[in-house]
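Keep the viewer open and look for each part as it comes up.

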Amino acid sequence: MEKIKAGIIGCGNISAIYLENLKNSPLIEVVAVADLIRERAQERADEFNIANVYNVDELLQNKEIELVLNLTVPGSHAMTDLAVLESGKHVYAEKPLAISLEDGRKVIELAEEKGLYVGSAPDTFLGSGIQTARQAIEDGMIGKPIAATSFFMGGGPEAWHPDPEFFYIAGGGPMFDMGPYYLTALVTLLGPIRRISSSAGIQITDRVIGSGPKEGTPLRVQTPTHLAGTIDFTDGAIATMITSFDIRGASDLPRIEIYGTEGTLSVPDPNFFNGEVKLRRFGQDTWETVTPVFESRQNERGIGVTEMVESIRAGREHKASGKLAYHVLEAMHAFQRSSLEGKHIMLESTYDPIAATKTDEDQTEIVQSH
């Protein structure tokens, strides 16, 4: 089968792992890169032996390119997706799908109008860690899921990231940065979200860039850096979730645990593709390791793109879809809205995760009402 030709827009930190993982793909050939800073695009092209370095318009006008990976900063995701779709190309973007719900809807609606595919990170839920946990739940190892906890506890990325400003503006913060991994995993494991209640705040306001050429530069924090809330799932489970850039002394809290009527599952870090799933059955004093349903490496970013190309060829719905990303985007907004408005926020979108846990022809169904 002839490879689909792809281009990448955005050649920052995350682009290297995509290029590394896709360089030997039997389905995708990255033939061009583009970035607002041309020198950065040239460096990636030289590093991975890519023939063409374009500006964004040149890449979009290239008719042999059928698919674009949008690896720009979060504030540019929707704008870039829309431009890619208008040029008649499929697009797969880094998370989040968009900053605003309105822009997220525009992306989904334009793709449907043009008959094109929109994919979105994270695709870590397709790895062995989350898929093994999902299979354990489907097999009844913990009985009926009734509750969950989810914790991302860190001190923020400014200590190591050379350009961390975007983490502290709208579309950043721990919820929009790491929330997609945790929420996507929870939806995969427990089904669609019905409503959310939360509190959000900026607990540490004074931050300084800690490395790179901007070391010592103060950061202005403009978005919540600590969010704590409760998630009610349509099927009845209730989750407690905290995401924070304000925990500088680290934490021993688990990443994700799922509690059922017959036992508990300890789920590995959803930022990675692999990791051990632990099971503690009702009445037992020790944990056992659940046999993985398959093996994954720690970082396989790009498998969502590959699965999307397979789905394009087969004419079926793909798994790391923009529609799934929209449900997660609405949930992230609900965390902030609930805190601001002082009430539960009911989600309008819903998502059927069954197709995302199968390898057959099952179809993902998304229902949205606006």
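Helices (H or I, at least four residues) and strands (E, at least two) are DSSP runs, numbered from the N terminus. With that in hand, helix 2 (38–48), helix 3 (56–61), helix 4 (77–86) and helix 7 (173–190) each give at least two residues to the lining of the largest pocket. The model is predicted, so local features need pLDDT of at least 70 and side-chain atom pairs count only at pLDDT 80 or more, while totals for chains, interfaces and linings use all residues. Residues are numbered from 1 along each chain as its sequence is written, and side-chain values use heavy atoms, leaving out hydrogens and water.

**The largest pocket**

- A pocket is found on a 1 Å grid over the protein atoms alone, as an open set of points where a 1.4 Å probe fits, with protein on both sides within 12 Å along at least five of seven lines; lining residues have an atom within 4 Å of a point.
- The largest pocket holds about 1300 Å³ of space, where a volume is the space filled by probe spheres set on the points, and grid points are joined across faces, edges and corners.
- Its lining has 46 residues, and Asn13, Ile14, Val73, His161 and Phe166 lie nearest the centre.

**Around strand 1**

- Strands of a sheet pair through backbone hydrogen bonds, either parallel or antiparallel.
- Here, two strands count as paired if DSSP finds at least two bridges between them.
- Strand 1 (residues 4–9) pairs in the parallel sense with strand 2 (residues 28–34) over six bridges, and four bridges join strand 1 to strand 4 (residues 67–70), also in parallel.
- Ile8 has a bridge partner in each: Val33 in strand 2 and Leu69 in strand 4.
- Five of the six residues of strand 1 are buried, where buried means under 20% relative accessible area, exposed over 50%, and partly exposed in between (1.4 Å probe, protein chains only).
- Strand 1, helix 1 (residues 15–22) and strand 2 make a right-handed β-α-β unit; right-handed means that, with the strands pointing away from the viewer, the path from the first strand over the helix to the second runs clockwise.

- Which order do the nine strands of the open sheet follow? The order is 16-15-14-13-7-12-11-8-17, with mixed pairing.
- Strand 16 (288–289) and strand 17 (345–346) are at the edges with a single partner strand each, so one side of each has no neighbour in the sheet.
- Strand 7 (residues 145–153) runs parallel to strand 12, joined by seven bridges, and Phe151 stands opposite Ile242 in strand 12.
- Strand 7 also pairs with strand 13 in the antiparallel sense over five bridges, with Ala148 opposite Ile258.
- Strand 13 forms a hairpin with strand 14, with two residues between them, and Tyr259 stands opposite Thr264 in strand 14.

- Ser150 and Arg255 are 105 residues apart along the chain, yet their C-alpha atoms are separated by 5.6 Å.
- Asp246 is in the loop between strand 12 (238–244) and strand 13 (256–260), and it is buried at 11% relative accessible area.
- The side chain of Asp246 makes a polar contact with the side chain of Arg207 (2.4 Å); a polar contact is a pair of N or O atoms within 3.5 Å, and within protein one must be able to donate a hydrogen and the other to accept it, with residues adjacent in sequence counting only if both atoms are side-chain atoms.
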